[in-house]
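My entries follow in the order I made them.

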Amino acid sequence: MNSVMEAPSLRRLAWSLLMALSMASCGGGGSSDGMSTGFASEAQTQAQAAAAAPAISAEAKDAAAKVAAGGGEPAKAVAAALASFQAFRADRIQQVIVFGDSLSDVGTYKVGSIAQAGGGKFTTNPGPIWPETVGVLLGTSVRPFRQGFGGQSQISIPLGTGFAMGGARVSQQPGIGCNPDPVGACRAALTFPVAQQIGDYLDTHGQRFDRTQMVFVFAGSNDLFFQLDRYAHGLQTAAETQAAVVQAAVDLVGQLRRIVDHGATRVAVLTVPDLADTIAGRKLPLAIAANLSAWVTDFNLTLTAGIGGGVKLIDTYAEFKQVVADPRRFGVSTLSVPACDLEAIAEGSGQPLEDASSLFCSPLTLVELNAPFQYFYADTEHPTTLGHLIIARFVLTEMYRQGLI
């Protein structure tokens, strides 16, 4: 990241976006399902464009200003995003579509007792996941296409554009948290693989993407965790684990080609961060952690070498390394303590402590009030509100730098 927002500004942005998203959920914001909205014009914008620009909340305008704080490429990215839809260009981004896993899940499991507990996303709920923030700044919103748990699901919003599911692998079931029955059906998390998520999209959109859509894919972490678990339990060798990880990356390349071949013109794939840097990763024996880091590198190298034309690479691996190297530069006070009280979550959800997840995290289960805006991890592997805002800022900057906006 070439220009990093000062920590106080980033924390104010977090609060602003929380309010903006709350208003949007009550009808005050934009939507990816045919009701695209934009931010009000800046003072320099011509009067005609200002009159034509759709209305949006003051909180969202304030958030846009804070994202641009500090200047540099982030400010240019915000200006470009605002200008694109305020000018009503024919090719402006009108939808943000995301495929992947818990790092991009905007609320697949926000149902039943999970929703009642104030959870529903893998973060410090109700903080925004990075695609939601990017959507707000592009004048649209990202809502879950499908919702459910316990093996049961239904399409939540027929034209919802958030297809990512917590626990999902690239092309295989079971995912993490699926808890399959003897015939392989998931009894807990749905974990539809990315391949199936893309199939869901194509089946409901005439088998086509179009030039007004920004398509993100962020997947692979669960394939790495799945294969790591098999290796740690002696079910496969290190060589077999590496081969399975590389195959998952090859499969992801195939899914990216599938998206492009069906008409998408704006496609970006995010690399997998070094999972050994997470709180969970730092608890592993050193030899296993070293293997995990190596397998993440193998995955990312295979992905990078295979994506070809029509797909942009957003190197979140490198960005996360910068956060680890200098957390305070990003406003992060700790990388080693979860913002969510996992013991309280385990007790409340009836889970073993080792399975306690930020999916159930709410303002009532924080270790301290400001933890979502100071800590990086919500649980042992998922980002807080601050962590997701760091991702969103980086993604928007890379979109600008690579000509996607």
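Entry 1. I began with β1 and looked for its partner. I found 6 bridges joining β1 to β4, which covers residues 213-218, and the two strands run parallel. I note that this is a predicted model. Within this pair, I looked up F99 and found V217 of β4 opposite it.

Entry 2. Next I wanted the whole sheet. I traced 4 strands in the order β1-β4-β5-β6, forming an open sheet with parallel pairing. I marked β1 (95-100) and β6 (312-314) as the edge strands, since each of them pairs on one side only. I noted an average twist of 25° from one strand to the next.

Entry 3. I then asked which strands helix α14 touches. Helix α14, residues 385-401, packs on the sheet and contacts β4, β5 (267-270) and β6. I recorded an angle of about 150° between the direction of α14 and that of β6.

Entry 4. I turned to the cavities. How many cavities of 30 Å³ or more does a search of the whole structure find? I noted 6. For the largest cavity I wrote down a volume of about 150 Å³. I listed L103, S221, F225, L275 and E381 as the closest to its centre, out of 15 lining residues.

Entry 5. I checked which helix gives the most to the lining of the largest cavity. That is α8 (residues 221-232), with 3 residues. Sorting the lining of the largest cavity by class, I got 7 nonpolar, 5 polar and 3 charged residues.

Technical notes
Residues numbered from 1 in each chain as written. Predicted model: local features only at pLDDT ≥ 70, side-chain atom pairs only at ≥ 80, totals over all residues. Heavy atoms only, no water. Pairing = 2+ DSSP bridges. Axes fitted to C-alpha atoms, helices over the stretch in contact; angles between N-to-C directions. Contact = heavy atoms within 4.5 Å. 1 Å grid on protein atoms, 1.4 Å probe; cavity = no way out; pocket = protein on both sides within 12 Å on 5 of 7 lines; lining within 4 Å. Points joined across faces, edges and corners; volume = space filled by probe spheres on them. Nonpolar A, V, L, I, M, F, W, Y, C, P; charged D, E, K, R; others polar.
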